[in-house]
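User: I'm new to this one and would like to learn how to read it. Could you show me the structure and take me through it feature by feature?

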Amino acid sequence: MSARLIALGIAFVALVSVPYWMPGDYYINVASQILFYAIFALGLNVLVGYAGLVSLGHAGLFGIAAYATAYMLQIGYGHSAAIVVALLVGIASMAVFAVLSLRSTGIGFIMITLALGEILWGLAYRWISLTGGDNGINVRLRPAPFGFSLTSPNTFYYTTLVIFLLSVAAMTVFVRSPFGASLMGTRDQPRRMNALGYHVWMIRFYACLVSGLLTAVSGILFVYYTQFISPQTLALTSSAEVLLMVISGGAGTLFGPMVGAALVVVVKTVVSGYIERWNFLLGAIFVAIVILMPEGLVPGSARLWRLAWRKMNASAKVPAPEGKP
Amino acid sequence: MSALTVTGLCKAFGGLRVTSNVDLNVEPGERRLIIGPNGAGKTTLFNLITGEISPDKGSIHLFGQDITKTPSRRRPHLGMARTYQIITLFARDTIIHNVSLALLGLSPARWNPLIDIKHQGHLIEHGRAALERVGLAHIAERPLAQTSYGERRRVEIAMALAQNPKLLLLDEPFAGLSIDERADVKQLLLAIPRDVTIVMIEHNMDVALEFAERITLLHFGEVILEGTRAEVVADPRTREVYLGH
Amino acid sequence: MNFWLVLTVNSVTFGGLLFLLSAGFSLIFGLMRIPNLTHGSLFMLGAYVGATFVVGLLGFQLNFWLAAILATLAVAAFGALAERLLLRRLPGDQLAQVLVTLGLSFMAADFCLLVWGGDPLNVATPAGLGGFVRVGPVAFPMYRLAIIVIATVVALGLWLLLDRTRLGAMIRAGVDDPDMARVVGIRVSQLFTIVFALGAGLAAFAGIIGGPILSVYPGLDQDMLPLALVVVILGGSGSLLGSFVGSIIIGFIYNFGQALLPELAYFVLFMPMLLVLLLRPQGLFGRHVP
């Protein structure tokens, strides 16, 4: 157990000191991206990992929060108003998604969420009077809470880090709570849960709202980071990418989505500098993980590590000499 | 007031009538056995009573209360518990966690997203007590995946009893058990106090008959016969239903 | 008046193309119970490969129809390979199979970018069909009418396959009840490979046939996949008639929607799909619920 705490401690120190050891602004920005995409992945993981419901429409919810922020700023509101409205719009949209998609589970749920995501994408793309269509909406300024400007990569990184750590803490509490246990119960045996007195639909609905909140938060961070939002962010490929993050890292674990987010972001930003066809790489990694290590990289590596450890210990044991006490 | 009264219950799937005008009246504290050949509609009857499927016609009363329209998730809160033919427990979790889920099902705490489930002392206490009743407290921390079929059946019964039911529905509790395991479960069931009414579906006659006070014989979804154990065993219609002559 | 007539013919043409695209998707969904998220990529692959054959490969320029057939066979082979090597390793795990098709679509899209670059490819209308057919005051492009004919012929061919051949009977049995089919001795896993290859081939064929109208460009897969999805959800998985009727309906909704309600075009397109999923999940003629 203490080995785990030490590892966590090291990770925490590393995260907090990023601006000091990262070689340049570009990499600090990559770190920021990893963090808010990790929040997005944590949000999707609530459904995919803990509720057992795979959504292929989450980019729509991510995007609608981003668009709400950008639009509010565009028509003249301040940052606080924009953020509040974006959070409300994000959660309300998730509620609508939930009411429509929770009529189904499994493949049906995937298809309804896919359709809903496509509808939001289509509206972003075609409702030009509202969204500017393909031209998107620009966000001129990042907020300056309490006078701290978030324009520099460092300050933006630290703000994102704080929100990330809060999200992780919230998720940790959530997973260990009775509601978390109820949710995971509905994932594993929905019929039994119903027979034990649980309201399976309502549990899933609340889980969707939690997922929606995290998704909206990450969408807002995203739009302040890129200072731009366009329909591409809501496309099916974007929903597929965040799903990739969750599944490659390990659905239903706390660290899996974070590792998955880091993997995808690093491939998209850093690796893409060296390998032009990084989408192919991403797809190949995904297929490999689904077939060879379906539980994801985090649980999978832990399992391999334990196997290796056991093998090492087994071969190190010296057989007892016969007959001697 | 009877514990369970079913009146004129009917259910059809397409053209197939699986439950035809079933009347059932179980007194508080009674031990009722429901028998019948395969396909007689016994499990369907249970599913109707628990509310997992809704009847086309008829009514169900639990201790005087009309629960025909009550959603199935509410019925455990009214004192109804049930076990299944095929054991579907939470294989990823420990035995004690399985029982905790049963305990939480009736508690408002199940909606709480803030407290730590492992720090709920009274939950753990009650869970251990429930496991004591079925003789599994010594392996409470064992993952369910590492238990035997007989042990899982006992976990399931522990979960049902943990909810302090007034009516316990057991669907073939002895199915798939070895002789020793059957003896264990039998002892367990015999030890259940009379403030719990028990209705059991069972094929395994030697164990079940010992347990039953009154028996209801079902065939093609209809009640063919009902009476005391002696009456039903002696009745020629019982032989006819099972052996065809 | 002309406007509506042209829009109508375009709708039927597009419907024909959609049928070629979605018939395969419907069979795969009906038999294997998975929405094949690689389907758009297979359409695009067929278009690219076919276009390459038409434009000229190693100095050989192929007849359009020959190129179409070759492209169809090539992509069908690819589909068979993908099913045998990847999907078959996940028997019964539909969710995992859907994820694999998703990953494959990423790989296929980037592969096309690698080989053919980012510029759109124009595919010339095949010889003899470049002209117009006059009906009264209106002139219809001959190729568009040709597509309608081709789609109808393929539809008939598929119907004959499913209704009159032993293979078709096995496929229908597998769609209705795969477990029962296995019990009766049908090699369902072999059927999976055949149907997946058939679906891939049909999608590829649709891609190259549609080339002269839609041209071939990166992102074509993302444009076509949702349409296949909508058609099959509306028409019902595993039903040829459903694909046919669904394609025509969506062809009309798509074209009329773009023309009359451009801002809500996609909304209008996906609403029927959503409504069907919510109210009648098996679709108009479907065999089972997704």
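User: How many residues of domain 1 of chain B are in contact with domain 2 of chain B?

Analyst: Start with what a contact is: two residues count when their C-beta atoms, placed from the backbone, lie within 7 Å. Here, 12 residues of domain 1 of chain B touch 11 residues of domain 2 of chain B. Helix α5 of chain B (residues 179-190) gives the most to the domain 1 side, with 4 residues. Helices like this are DSSP runs (H or I, at least four residues), numbered from the N terminus. By class, that domain 1 side has 7 nonpolar, 3 polar and 2 charged residues. Nonpolar covers Ala, Val, Leu, Ile, Met, Phe, Trp, Tyr, Cys and Pro; charged covers Asp, Glu, Lys and Arg; the others, Gly among them, are polar.

Before going on: this is a predicted model, where local features need pLDDT of at least 70 and side-chain atom pairs count only at pLDDT 80 or more, while totals for chains, interfaces and linings use all residues. Residues are numbered from 1 along each chain as its sequence is written, and chains are lettered from A and ligands numbered from 1 in the order in which they are written.

User: Where are the bounds of the two domains of chain B?

Analyst: Domain bounds come from an automatic or database domain assignment. In chain B, domain 1 is 1-79 + 165-245 and domain 2 is 89-164. Their C-alpha centres lie 26 Å apart.

User: And how do I read a nonpolar core? Which residues have the most contacts inside the largest one?

Analyst: In soluble globular proteins, nonpolar side chains tend to be buried together. A nonpolar core is a set of buried Ala, Val, Leu, Ile, Met, Phe, Trp, Tyr and Cys residues joined through C-beta atoms within 7 Å. Buried means 20 or more other C-beta atoms within 10 Å of a residue's own, again placed from the backbone; exposed means 12 or fewer, and partly exposed is in between. The largest core has 260 residues, and Ala41(A), Ala158(B), Leu21(C) and Ala204(C) have the most contacts inside it. α3(A) gives the most to this core, with 17 residues. Both domains of chain B also give residues to this core, so it lies between them.

User: Is α3(A) mostly covered or mostly open?

Analyst: Mostly covered: 22 of the 27 residues of α3(A) are buried. Along the way, α3(A) bends by about 45° at Asn45(A), the bend being the angle between axes fitted to the seven residues ending there and the seven starting there. After α3(A) comes Gly52(A), with a positive phi near 75°.

Key: Helices (H or I, at least four residues) and strands (E, at least two) are DSSP runs, numbered from the N terminus.
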